[in-house]
Amino acid sequence: MLDLFVPIADETRISVPAGHRRPIAVAGAGAIVDVAHLPAYRSHDLPVRGIYDLDRGRAEEVAARHGVPRVYDSLDDLLKDEDVEVVDVAVVPHAQPGIARAALEAGKHVLCQKPLAPDLAEARRLAGLAEERDRRLAVNQQLRWDEGIAAARAMVRAGWIGTPTAMSFTVDVDTDWSGWSWLVRSERLEIMYHSIHYLDAVRSILGDPVRVFCAASRTPGQKEAGESRTMSTLLFEGGARAILHVNHENRTGDPRAEFRIDGDEGAIRGTLGLLYDYPHGRPDTLEVSSSAAPTDGWTAYPVTERWIPGAFAGPMAGLLRWIAEDEPSPTAARENLGTLGLVEALYESINSGEAQAL
Ligand SMILES: NC(=O)c1ccc[n+]([C@@H]2O[C@H](COP(=O)([O-])OP(=O)(O)OC[C@H]3O[C@@H](n4cnc5c(N)ncnc54)[C@H](O)[C@@H]3O)[C@@H](O)[C@H]2O)c1
C-alpha cells in the first residue's frame, strides 16, 4: 500500500478489543444472519451464545453451520439467559420493535436492523425506552463501515478534496426480491429498505440536509408492490448537494453501482462491489484525485474487505465500544433517527410532489 494511504486504512479498520467483547444472542436466523452477521462476528471472535427463530429448524441449521452452541425455544428463553448481555435482532421488520422492547426491558443491550422501526414515532419510542432503562440501542446501518465508504470518508475528513461540494450514488441493478416475501408485498420498498443505506452514508460524510426532494416510480411488469426506482436530491446548508438515482429493474444486464464525492480541491469515486453480484459481490473500488494530497491524477486505494460480511462487524463493534467506554456508537438509535427522518421526508416528497424542509 502507498504510504499516503496508511492513515486512511487505519481509520477504516474495524477492531474489537478483548475487553469490549460481551456475550451475544441473535433473534432471527434468516438470510442476512447466515451470510453476514455470523461470519462477521466469527472473524472478530465475538462470542455468540445462542440463536432463536420462529422457525426452529432454520435456527438449528444456521446454528450448526456457524458453531453457535444453543438454540432457544422461545424469545422468553433467550431473554432469560443471564449470560447474554447483547441481543442482535434480525427478524422481519414488523416484528423488530416488539422484540427490541422486550430485550431492553429484560436489561439487554440491543442491535436492531435498519429501518429501526416502520415509522419515526415508533423509532423515537424505542430510543427513549433504551435511555430510560440505561441500555444501549444501536442500528445495524453498516454501509458507514464498508471499507470503500469508510476510506472515502477518512479522505474527506483529512481534507484531501477540500470543501465537499457534491456527493452522488448511481445504482442501476436487477434486484431479485423474491427471497423476501414480506419485501415483495411492502408498499414502501426502495428508500425504506435499500437507499436508506446511501442516505445514512451521505449523512456520515456531509451531515444532515436541510431540504430534500424525491421522485419515485415502478417499472411495468415488476412483481413488487413498492417503488423500484427513486431519484432523491438533498440540499445542505453551505451549498453542498447530494443526488441518489437508484433503479432495481435494470433489464439490460449492465449493472452499475457507483458513488462520487466532489470537493473544490479534488474528488473521490468508487463502486460498491456487493451490488454487482449480491450477496457475494466483489470488493469495492476506490480512487482519489487531489490537489491537496500527493496523488498523481486518479490514484487507486486498495480495498480488501467486502460490504458482506466485512462491514457487518462495524455496528456491533460500535455498540460494544459504547457499552465498554460510554462513547456513543455512530449509529446509536438517537443518531439514527436522523436517517429515518430523512426516509420519512423523502416519502412525504414522493406523495406530495413537493420538496420537504427538515
Ligand atoms: N444490509 C443490511 O443491512 C440488510 C440486508 C438484508 C436484510 N436486512 C434486514 O435484516 C432483517 C432480516 O432480513 P433477512 O434477509 O434475514 O430476512 P429473511 O426473511 O431471510 O429472515 C427473517 C427471519 O426472521 C424470522 N422471524 C420472523 N419473525 C420472527 C419473530 N417474531 N421471532 C423470531 N424470528 C422471526 C423468520 O422465521 C426468518 O427466518 C430485515 O429487517 C432486513 O431489512 C438488512
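**Exercise 1.** Which residues does the domain assignment of the protein give to domain 1 and to domain 2?

*Solution.* Residues are numbered from 1 along each chain as its sequence is written. The model is predicted, so that local features need pLDDT of at least 70 and side-chain atom pairs count only at pLDDT 80 or more, while totals for chains, interfaces and linings use all residues. With bounds that come from an automatic or database domain assignment, domain 1 covers 13-141, and domain 2 covers 144-312 + 340-357.

**Exercise 2.** Describe the side of domain 1 that touches domain 2.

*Solution.* Start with the contacts, counted where C-beta atoms, placed from the backbone, lie within 7 Å: 14 residues of domain 1 meet 17 residues of domain 2. Next, take the helices, which are DSSP runs (H or I, at least four residues) numbered from the N terminus: α2 (31-43) and α6 (120-132) each supply at least two residues of this side, and α2 gives the most, with 6 residues.

**Exercise 3.** How do the axes of helix α9 and helix α11 cross?

*Solution.* Axes are lines fitted to C-alpha atoms, for helices over the stretch in contact, with angles from 0 to 180 degrees between N-to-C directions. The axes of α9 (residues 190-206) and α11 (residues 333-352) come within 9 Å and cross at roughly 125°. Therefore α9 is oblique to α11, because angles under 35 degrees count as roughly parallel, over 145 as roughly antiparallel, 65 to 115 as roughly perpendicular and the rest as oblique. Finally, the residues that meet include I191 and M192 in α9, and G338 and T339 in α11.

How values were computed
Two residues are in contact if their C-beta atoms, placed from the backbone, lie within 7 Å.
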